[in-house]
Amino acid sequence: MTRLFVEFSLKDKTELVLDEENSRYLSQVLRMRVDEELVVVDNSRIEYICAISQITKKEVTLSIRSSSLNCTEAPYDVTLFQSVSKGERMDYTIQKTTELGVKAIYPVLSERVIVKLSGKDVSGKIDRWQKISLEAARQSHRGMVPTIKEPIEFEDALKLAKDEFDLVLFPWEEESENGIKEALKSFSGKKIAVFVGPEGGYSTEEASKAVSYGAKSVTLGPRILRTETAGAAVLSMLIYELEL
């Protein structure tokens, strides 16, 4: 069933007039018709079954029929600090980690990042990445759309993670002993930060700095994963350890 997200509460409402973007999506992209049903998720992660009562090219009115709490969100929050990768690799990371439950993604400018972000290029990329996140959230029946944050320098990201998160995971190819299972043994909080390096990985200096900021260096196994695979792998491991 088609899924939309709104940034306000629909509590006690019986009708909803969609904004122009969502109206155009239903009427022109999906070519939906009067009486067809869809799901609208509000900012409280409540899902509303709605039916189209009126439709034009610029405005769609929905009749709200029933509601229920979304049950697809994890009992913990994961924020991915992803070093910016090239082209479709970054797109893939955003798409797959959204499907796997990430809450927010920070594009990180670490030492070996190849992509240069500046000026209008930044806002354009963020808008595009946010649309990828939205489509993946629709597809995977999420209760919210992960936010793509403004790019952040590596050390600033470490400071933020140390101050605001209960656990900071730092997958690194040189780590051979400690895995995610071990890192989670003493975890009793909710907010988890995950750092993933760029195509060339992290330098030894960056890994040492991460540990000095309290990050837990972890291995993801004996095989070296590509940057676009690593984030999804970590999210999958967290699902297994904390949800299944």
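The legends below describe close-up views of a predicted model.

**View 1. Five strands form an open sheet.** The strands lie in the order S1-S3-S4-S5-S2, and their pairing is mixed. Strand S1 (3–5) and strand S2 (15–17) are the edge strands; each of them pairs on one side only. From one strand to the next, the twist averages 35°.

**View 2. Strand S1 pairs with strand S3 in the parallel sense.** Strand S3 covers residues 37–41, and three bridges link S1 to S3. In one of these strands, S3, Val39 is the bridge partner of Arg3.

**View 3. Helix H1 packs on the sheet.** The helix spans residues 20–29. H1 touches S1, S3, strand S4 (46–55) and strand S5 (60–69). The direction of H1 makes about 170° with that of S1.

**View 4. Helix H2 packs with helix H3.** H2 runs over residues 88–99 and H3 over residues 120–139. The angle between the two helices is about 35°, and their axes are 8 Å apart. The crossing in which H2 passes H3 is right-handed.

**View 5. Residues of H2 and H3 make the contact between these helices.** From H2 come Met90, Asp91, Ile94, Gln95, Thr98 and Glu99. H3 contributes Arg128, Trp129, Ile132, Ser133, Ala136, Ala137 and Gln139. Of the residues in this contact of H2 with H3, six are nonpolar, four are polar and three are charged.

Notes:
Residues are numbered from 1 along each chain as its sequence is written. This is a predicted model: local features need pLDDT of at least 70, side-chain atom pairs count only at pLDDT 80 or more; totals for chains, interfaces and linings use all residues. Side-chain values use heavy atoms; hydrogens and water are left out. Axes are lines fitted to C-alpha atoms, for helices over the stretch in contact, and angles run from 0 to 180 degrees between N-to-C directions. Helices (H or I, at least four residues) and strands (E, at least two) are DSSP runs, numbered from the N terminus. A crossing is left-handed if the near helix is turned anticlockwise from the far one by less than a right angle, and right-handed if clockwise. Contact means heavy atoms within 4.5 Å. Ala, Val, Leu, Ile, Met, Phe, Trp, Tyr, Cys and Pro count as nonpolar, Asp, Glu, Lys and Arg as charged, and the others, Gly among them, as polar. Two strands pair if DSSP finds at least two bridges between them.
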